Amino acid sequence: MSTHNTLTQFIIEQQRKVPEASGDLTLLINDIATACKCISHTVSRGSMTGMLGSAGTENVQGETQKQLDIITNDIMVETLEWTGHLSGMVSEEVDDFIPIPEQYPKGKYLALFDPLDGSSNIDINLTVGTIFSILAGPEGSDASQDDFLQKGVDQVCAGFVLYGPSTMMILTTGQGVNGFTLDQDVGEFILTHPNMTIPEDTQEFSINMSNQRFWEPAVQQYIDECMQGTEGPRDKNFNMRWVASMVAEVYRILTRGGVFLYPLDSRDSGKQGKLRLMYEANPMGFIVEQAGGSCSTGLQRILDIQPTDIHQRVPVILGSKNEVNRVIAYHQK
Ligand code: P6P
């Protein structure tokens with residue numbers, strides 16, 4: 001294995017392009033990589049650990065927590081809280097924001113994460129992942145809840161780690177998107193997918209079809225036309241994929257294009273959708289846009305949304321630019 005294309009080297013070389021960089025973000029990304037290596041090891045042991053199945057508790061979303069939701073959350077918090085790079089954290093699995101314990105120095109960043117996205121798949125051994133977003137925080141002092149309520153356009157860094165046949169980190173700091181594969185023997189992430197880009201067109205959509213009767217008309221029309229294939233107005237056939245793991249869907253879109261939709265659902269009038277803005281839609285939106293794709297609610301660019309709550313939800317339509325724009329156009333009719 002060459003040692004000249006590791007994640008560590010890559011982010012240090014990115015840091016050198018920013019004269020005023022202190023190196024804190026480089027160290028923070030490395031700390032996140034360490035946490036995700038631990039998570040990769042834990043989830044790869046599957047039922048041998050006795051950690052599969054429900055924890056018998058619910059998270060702030062009202063969703064039943066898997067034991068591994070809690071375990072992976074603890075790995076993220078315990079790996080990051082002492083580093084001196086953060087002034088606070090937000091996790092899907094914790095109701096309030098997570099302050100840095102007083103015995104540790106406070107840093108200039110905020111970390112927001114879904115420690116185990118797609119965890120409903122963990123018991124059936126399908127790909128799951130960790131999604132993270134980094135914002136600038138109050139330098140050297142404790143964060144308040146309001147410090148986290150920043151638009152997605154203000155993210156400093158975003159990424160996700162896939163725990164699949166291989167463990168991969170997909171990362172952006174605003175200079176494009178790069179993919180790294182974990183060399184399990186050496187314990188290093190290796191740059192294997194430089195400058196990932198999303199094709200502007202696609203013939204593949206991802207949506208949970210069982211919710212079709214609850215979708216907004218614009219999404220009904222878009223999917224109906226895809227299903228008509230060459231016999232309809234699109235004059236081409238479409239394929240469908242649904243893994244029920246956003247990290248897997250987004251990675252597939254980064255590798256071959258596609259459009260992912262988790263739209264508003266008439267049953268959830270007060271919830272604005274299923275996916276969470278701060279640690280799912282915003283980081284994935286940053287990555288998708290940096291790869292040349294688009295990310296919208298159908299009515300608004302997701303990265304422009306002014307957050308009002310750290311756990312708020314949004315409808316999400318992301319992926320190949322021309323398909324997302326078509327769905328947006330149907331919303332405007
Ligand atoms: P459904 C996983 O729980 C998640 O948050 C996303 O990763 C995934 O895209 C979606 O929910 C799956 O939702 O309704 O198909 O189970």
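Analyst: One term before we start: two strands pair if DSSP finds at least two bridges between them. Also, this is a predicted model.

User: OK. Which residue stands opposite Val-259 in strand 12?
Analyst: Phe-205 does. The strands involved are strand 10, residues 204-206, and strand 12, residues 259-262, which run parallel and are joined by 2 bridges.

User: In what order do the strands of that open sheet come?
Analyst: The order is 11-10-12-14-13, with 5 strands and mixed pairing. At the edges are strand 11 (239-240) and strand 13 (294-296), each of which pairs on one side only.

User: Which strands does helix 4 touch?
Analyst: Helix 4, residues 217-228, packs on the sheet and touches strand 10 and strand 12. The direction of helix 4 makes about 140 degrees with that of strand 12.

User: And helix 7, which strands does that lie across?
Analyst: Helix 7 (residues 321-332) lies across strand 12, strand 13 and strand 14, and runs at about 150 degrees to strand 14, which is 316-319.

User: Now helices against helices. At what angle do helix 5 and helix 6 cross?
Analyst: Roughly 10 degrees, and their axes come within 11 Å. Angles under 35 degrees count as roughly parallel, so helix 5 is roughly parallel to helix 6. For reference, helix 5 is residues 246-256 and helix 6 is residues 277-290.

User: Which residues make the contact?
Analyst: From helix 5, Met-246, Val-247, Val-250 and Leu-254; from helix 6, Glu-280, Met-284, Ile-287 and Val-288. Of these contact residues, 7 are nonpolar, none is polar and 1 is charged.

User: What does Glu-280 form a salt bridge with?
Analyst: Glu-280 forms one with Arg-276, and the closest N and O atoms are 3.0 Å apart. Glu-280 has a relative accessible area of 1%, so Glu-280 is buried. Arg-276 also counts as buried, at 4% relative accessibility.

User: Why would two such side chains pair?
Analyst: Side chains of opposite charge can pair when their charged atoms come close.

User: How many salt bridges does the structure hold?
Analyst: It holds 9. One of them joins Arg-252 to Glu-204, with 3.4 Å between the closest N and O atoms. Arg-252 is in helix 5 and Glu-204 is in strand 10, so this pair ties together parts that are 48 residues apart in sequence.

User: Is Arg-252 buried or exposed?
Analyst: Buried, because the relative accessible area of Arg-252 is 10% and the cut-off for buried is under 20%. Glu-204 counts as buried too, at 7%. Both belong to a network of salt bridges that links Glu-204, Glu-249, Arg-252 and Arg-256.

User: What about Arg-234, which side chain does that meet in a salt bridge?
Analyst: Glu-323, at 2.6 Å from N to O. Arg-234 lies in the loop between helix 4 and strand 11, and Glu-323 lies in helix 7, so the pair ties together parts 89 residues apart in sequence. Arg-234 and Glu-323 are buried.

User: Changing topic: where is Ala-158 found?
Analyst: In strand 6, residues 157-163. Ala-158 is buried, with a relative accessible area of 0%.

User: What does Ala-158 touch?
Analyst: Leaving aside residues up to four places away in sequence, Ala-158 touches Phe-132, Ser-133, Ile-170, Leu-171, Thr-172, Pro-283, Phe-286 and Ile-287. Ile-170 is 12 residues from Ala-158 in sequence and 8.5 Å away in space, C-alpha to C-alpha.

Notes
Residues are numbered from 1 along each chain as its sequence is written. This is a predicted model: local features need pLDDT of at least 70, side-chain atom pairs count only at pLDDT 80 or more; totals for chains, interfaces and linings use all residues. Side-chain values use heavy atoms; hydrogens and water are left out. Helices (H or I, at least four residues) and strands (E, at least two) are DSSP runs, numbered from the N terminus. Contact means heavy atoms within 4.5 Å. Axes are lines fitted to C-alpha atoms, for helices over the stretch in contact, and angles run from 0 to 180 degrees between N-to-C directions. Buried means under 20% relative accessible area, exposed over 50%, partly exposed in between (1.4 Å probe, protein chains only). Angles under 35 degrees count as roughly parallel, over 145 as roughly antiparallel, 65 to 115 as roughly perpendicular and the rest as oblique. Ala, Val, Leu, Ile, Met, Phe, Trp, Tyr, Cys and Pro count as nonpolar, Asp, Glu, Lys and Arg as charged, and the others, Gly among them, as polar. A salt bridge is a side-chain nitrogen of Lys or Arg within 4 Å of a carboxyl oxygen of Asp or Glu.
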